[in-house]
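Here is a short briefing to read alongside the structure. Please keep the viewer open as you go through the points.

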Number of protein chains: 2
Amino acid sequence: MIQIDFEKMGGLVPAIIQDYQTNEVLMVAFIDEKALKLTLETGKTWLFSRSRNKHWMKGEQSGNTQEVQEVYTDCDADALVIKVKQNGGAACHTGNRSCFYVRWEDGAWVEHSEPLFDPDEVYKK
Amino acid sequence: MIQIDFEKMGGLVPAIIQDYQTNEVLMVAFIDEKALKLTLETGKTWLFSRSRNKHWMKGEQSGNTQEVQEVYTDCDADALVIKVKQNGGAACHTGNRSCFYVRWEDGAWVEHSEPLFDPDEVYKK
């Protein structure tokens, strides 16, 4: 029986969050055993924040939650691909659809930021 | 000027290798500063193997190299997406097109292995 190998990286595995229709990579985050269990049980993406040392549901503050459609692991069972329907249009805290809006061009990283919302409005206290 | 944050994870960042046409995730690996430099300079995917503690060019043994088309980083500059043209059809050492051929179905991980080559032939000594 295949089981996810959380030991290799101190309890975490990288999780690629992908749009279930276009396959666009929306974000990459880390998941531990509890976050994976919550993700599979609730059908929403749950993650583990290394900087805040806590579990969180993607979109719990912004409202931009993710409806899980399919979950895959790889040949070594040490990474996850989670295909989701992104609520609210944007996955990134900057307001961009995807976190990967910075491209290598002619020897430098170039931002292509096209925010769909104003982070100051969405994350205001 | 944006620079990749290799410090957060002890010199490494996760790199998602994606088919440049279909956006299928082919594999996830780790890249350090030297492997990124080699990838950008040579146009082939270079990686860092944690288990073997060495740099390697994807496909150096199997011949299934990857032609880099585009490279992205994310809002925190701590992860990479590398869009590639996969030579030889398969990215996974099992012979599968993608490493992510194991899906969560009704409470268990189910393999959907459809190898395009025989690993025993390709990796024979």
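A salt bridge here is a side-chain nitrogen of Lys or Arg within 4 Å of a carboxyl oxygen of Asp or Glu. With that rule, two salt bridges are found across the interface of chain B and chain A. Do bear in mind that this is a predicted model. The points below begin with the contact between the chains and then turn to chain A.

**The interface in outline**

- Chain A brings 38 residues to the contact, and chain B brings 38 residues as well.
- Between them, the two chains bury about 3200 Å², and 71% of that area lies on carbon and sulfur atoms.
- On the chain B side, I2(B), F100(B) and W109(B) supply 21% of the area that chain B buries against chain A, more than any other three residues.

**Polar links and the chain B side**

- One salt bridge to look up joins the side chains of R103(A) and E70(B), at 2.6 Å from N to O.
- Counting pairs with both residues at pLDDT 80 or more, 12 residue pairs are in polar contact across the interface of chain B and chain A.
- Several elements of chain B each supply at least two residues of the side that touches chain A, among them strand 1 (13-19), helix 1 (33-42) and strand 6 (80-86).
- Strand 5 of chain B gives the most to that side, with four residues.
- Sorted by class, the side of chain B that touches chain A holds 23 nonpolar, six polar and nine charged residues.

**Strands that pair across the chains**

- Strand 7 (residues 102-105) of chain A pairs with strand 5 of chain B in the antiparallel sense, over two bridges.
- Within this pairing, R103(A) has Y72(B) as its bridge partner in strand 5 of chain B, while the side chain of R103(A) forms the salt bridge with E70(B).

**The hairpin in chain A**

- Strand 7 of chain A also pairs with strand 8 (residues 108-111) of chain A, in the antiparallel sense and over four bridges.
- In this pair, E105(A) stands opposite A108(A) of strand 8.
- The two strands form a hairpin with two residues between them, and D106(A) in the turn has a positive phi of about 50°.

**Chain A as a whole**

- Chain A has two helices and eight strands, and from the N terminus on its elements run β-β-α-β-β-β-β-β-β-α.
- Its C-alpha trace spans about 45 × 40 × 30 Å along the principal axes.

Notes
Residues are numbered from 1 along each chain as its sequence is written. Chains are lettered from A and ligands numbered from 1 in the order in which they are written. This is a predicted model: local features need pLDDT of at least 70, side-chain atom pairs count only at pLDDT 80 or more; totals for chains, interfaces and linings use all residues. Side-chain values use heavy atoms; hydrogens and water are left out. Contact means heavy atoms within 4.5 Å. Buried area is the accessible area (1.4 Å probe) that two parts lose on being put together, summed over both. A polar contact is a pair of N or O atoms within 3.5 Å; within protein, one must be able to donate a hydrogen and the other to accept it, and residues adjacent in sequence count only if both atoms are side-chain atoms. Ala, Val, Leu, Ile, Met, Phe, Trp, Tyr, Cys and Pro count as nonpolar, Asp, Glu, Lys and Arg as charged, and the others, Gly among them, as polar. Two strands pair if DSSP finds at least two bridges between them.
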